[in-house]
Amino acid sequence: MTPKNIIEVRDLTVEFKKPRGSLLAVNHVDFDLREGSVTALVGESGSGKTTLAFTMLNIVNTTGKILSGSVNYNGTDVLKLKGEQLRRYRWKEISMIFQSAQSSLNPLMTIQQHFWETYLVHEPEADEKKVIPRFFRLLEDVMLDPDRVLKLYPHELSGGMKQRVMIAFSMLLSPRVIILDEPTTALDVITQDYIFSILDKIHNETGISMLLLTHDIGVVAKVADRIAVMYAGRIVEVGDIFTVFRHTAHPYAKALITTAPSLLDTDKDKEPIKGSPPDLIDLPPGCAFHPRCPYATEVCREKCPALTMIGEDHYVACHNSLPGKGAAAYE
Amino acid sequence: MHAIIRCQGKGLLHMNDDPRKPIMSLRNVDMYYEIKRGLLKQPARIGAVVDVSLDIHEGEVLAVVGESGCGKTTLGNVIIGMLKPTRGQILYNGKDLSQMTRQELKEFRSSVQLVQQDSYAALNPVKTLYHSLCGPVLHKKLARNKAEALKMVHEALDMVEISHEELDKYPHELSGGQRQRILMARAILMRPKLIVADEPVSMIDVSLRISILNLMAKLNKTLNIAFVYITHDFGTARYIARNGNICIMYLGKMVEYGNVQRVLEHPSHPYLQALLTAVPVPDPEIAKKKRNLPLKSIEMPSVAAPPPGCRFHPRCPYSVDICETEEPVLLEHNEGLCACHRVKELPQWSLRADR
């Protein structure tokens, strides 16, 4: 049985024009979001993960331009949607929790006003009295006391509570996909753990698909069932979480996973990745990672590797881990 | 010489037989902030650091770990002498900071350096790195002339592995990792005995974090500089302070202290046990195991109105009557220090038990 994809991104390229030249934040990317999965999109700042997520909602900033590609959601190309259609698609089909979600709330509105305003825009005939029980249920799902919280203004909530309100808020129109951009970066570990247990519960109960953008490998290991690693605007490795962690095939992904300091490591020196992230306006030719890669060969300097299948649900873009050689190339 | 920790007036505790002498000691240090609430109202007093005593030894790496609002950054600022504590003593080489002469204070300020979290904000954006690095050397008269200062700067740059050409650049022309190295270079130029590093890697790309931590380890080893590493991240704390000590803070108080490996493998304080349960481990087979947080409530009380008795009691699953009324003191337990009334009766907890 082939798993169903709820979102299929094909050959997507997003360009930002800068005074120094053009910057490809997303560079010919193919990406599938499996229905019902929790997929983590991992990469450093500037790797293009937020831009890729933005295209799924068709909200790329005005300086950015989508040069090529399509984003397929249930047979419709999201990038072709306009006006009313696009507005209905957002939030109702896919909702997003933005980075620093805590400042996404309007300081002059109570939580109830937030919920009601959004609901009314999508369901103009709605009756406020009738939908309030729904607001209650959503807030109860994120372990908040609706009686109290609905009446409060954002500044009266703690960071963790605001994030939980945002999760409830994003579920308001029962979307089928939710995109979470660094949902817990500003939060403490205990709150983070709690937020993820709530998300896990929502995922189990509703089967909603989730796309989690993060750079924290620990969070990925805990929450995701699939992982996609981005580097310099391209996806370099995708696959099932256990496969990718156990048989990491791309040298960058490998370094990212093995150099993450772990609470359980006792006394090991870690070898850092040499060099620093590339200048996106002036990318190295060939594979963008080759100047930092310990395994780079001649071909890496000339040709950009394509994403190739190397195992069941495991794809990698690296010249030196082609089928046959596989992940063992680095052992 | 025995390293000594004084525990809230309850006598001296011989912590361990660390042969190194403490270069810095805090004795019952309080740091209260006063927040004005209008003309007639009494100002609110917020205890960011309450009754903290600890020793920092020569060449030691001490990790100070806690959640936001626990007072770890304030503690760092007290250690470097930027904040004057509202109570208690700070001793540098056995000498009280408040009794120091102008000259001694000057020496102290060179010997104890700070490396901040935000490397961009820490460097003057309109000065080249040459000015940012040579300036302090000339000002402190560590070099007789510019040529000598430049030579010192070059040596420091070699140490932090930055090429000499970068000196003519402005801070915005460097990457975050490079800027953090420049901050390290600026700190070591003062020939410090101690560097307080406040979340030095939390704003740096993940692929560069290890290299900055390795650099700190190198400076620690080759120049015998002690480090106070302030962080909320247990992974990096364990990595950098693997042979050193760790101090866990909660709402302004130190709740546990001891050797990093021992404290993290067998934490005694219920708060630390809960915190460690919540830390995600970068290994899916371990991280995906369901573990319940040993906590009654996830909401952290306000520092402005800490709960009476043990500050952790409203969230602690083991709290009893005494915890609500009496504040526990740091006592020796399991070769470290722990502030918990019930520490001896708590069930055994091990980092790996259910992983």
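Trainee: How many residues does the contact take from chain A and from chain B?
Mentor: The model is a predicted one. Two residues are in contact if their C-beta atoms lie within 7 Å. The contact between the chains takes 36 residues from chain A and 36 residues from chain B.

Trainee: Which element gives the largest share of the side of chain A that touches chain B?
Mentor: The elements giving two or more residues to that side are α7 (189-206), α8 (217-223), α9 (241-246) and α10 (251-258) of chain A. The largest share is six residues, and the element that supplies them is α7(A).

Trainee: Which residues have the most contacts inside the largest nonpolar core?
Mentor: That core has 199 residues. In chain B, helix α7 (residues 206-223) gives the most to it, with eight residues. The residues with the most contacts inside the core are Val229(A), Ala63(B) and Val228(B).

Trainee: Leaving aside neighbours within four places in sequence, what is Val228(B) in contact with?
Mentor: Val228(B) is among the residues with the most contacts inside the largest nonpolar core. With neighbours within four places set aside, its partners are Ile56(B), Leu62(B), Val64(B), Gly76(B), Ile79(B), Leu194(B), Val196(B) and Ala197(B).

Trainee: What radius of gyration does chain B have, and what would a compact globule have?
Mentor: Chain B has twelve helices and 14 strands, and its C-alpha atoms fill a box of roughly 70 × 55 × 50 Å along the principal axes. For 355 residues, a compact globule would have a radius of gyration near 20 Å, and the chain B value agrees with this: 21 Å.

Trainee: What share of the contacts in chain B with a separation of 6 or more comes from residues 24 or more positions apart?
Mentor: As to burial, 46% of the 355 residues of chain B count as buried. For contacts with a separation of 6 or more, the share from residues 24 or more positions apart is 64%.

Trainee: Why is α4(B) called oblique to α5(B), and what is the handedness of the crossing?
Mentor: The axes of α4 (residues 129-139) and α5 (residues 146-159) of chain B come within 9 Å and cross at roughly 125°. Angles of 65 to 115 degrees count as roughly perpendicular and those over 145 as roughly antiparallel, so this pair is oblique. Leu133(B), Cys134(B), Val137(B) and Leu138(B) in α4(B) meet Lys146(B), Ala149(B), Leu150(B), Met152(B) and Val153(B) in α5(B). The crossing of α4(B) and α5(B) is right-handed.

Trainee: Is Trp91(A) buried or exposed?
Mentor: Trp91(A) lies in helix α2 (residues 83-92) of chain A, and its phi is near 75°, a positive value in a residue other than glycine. Most residues other than glycine have a negative phi. Because Trp91(A) has 20 other C-beta atoms within 10 Å, it is buried.

Trainee: How far apart in space are Pro133(A) and Ser174(A)?
Mentor: Pro133(A) lies in helix α4 (residues 128-141) of chain A and counts as exposed, with 10 C-beta neighbours inside 10 Å. Pro133(A) and Ser174(A) are 41 residues apart in sequence, and from C-alpha to C-alpha the distance in space is 15 Å.

Technical notes
Residues are numbered from 1 along each chain as its sequence is written. Chains are lettered from A and ligands numbered from 1 in the order in which they are written. This is a predicted model: local features need pLDDT of at least 70, side-chain atom pairs count only at pLDDT 80 or more; totals for chains, interfaces and linings use all residues. Helices (H or I, at least four residues) and strands (E, at least two) are DSSP runs, numbered from the N terminus. The radius of gyration is taken over C-alpha atoms; the globule rule is 2.2 Å times the number of residues to the power 0.38. A residue is buried if 20 or more other C-beta atoms lie within 10 Å of its own, exposed if 12 or fewer, and partly exposed in between; C-beta atoms are placed from the backbone. A nonpolar core is a set of buried Ala, Val, Leu, Ile, Met, Phe, Trp, Tyr and Cys residues joined through C-beta atoms within 7 Å. Axes are lines fitted to C-alpha atoms, for helices over the stretch in contact, and angles run from 0 to 180 degrees between N-to-C directions. Angles under 35 degrees count as roughly parallel, over 145 as roughly antiparallel, 65 to 115 as roughly perpendicular and the rest as oblique. A crossing is left-handed if the near helix is turned anticlockwise from the far one by less than a right angle, and right-handed if clockwise.
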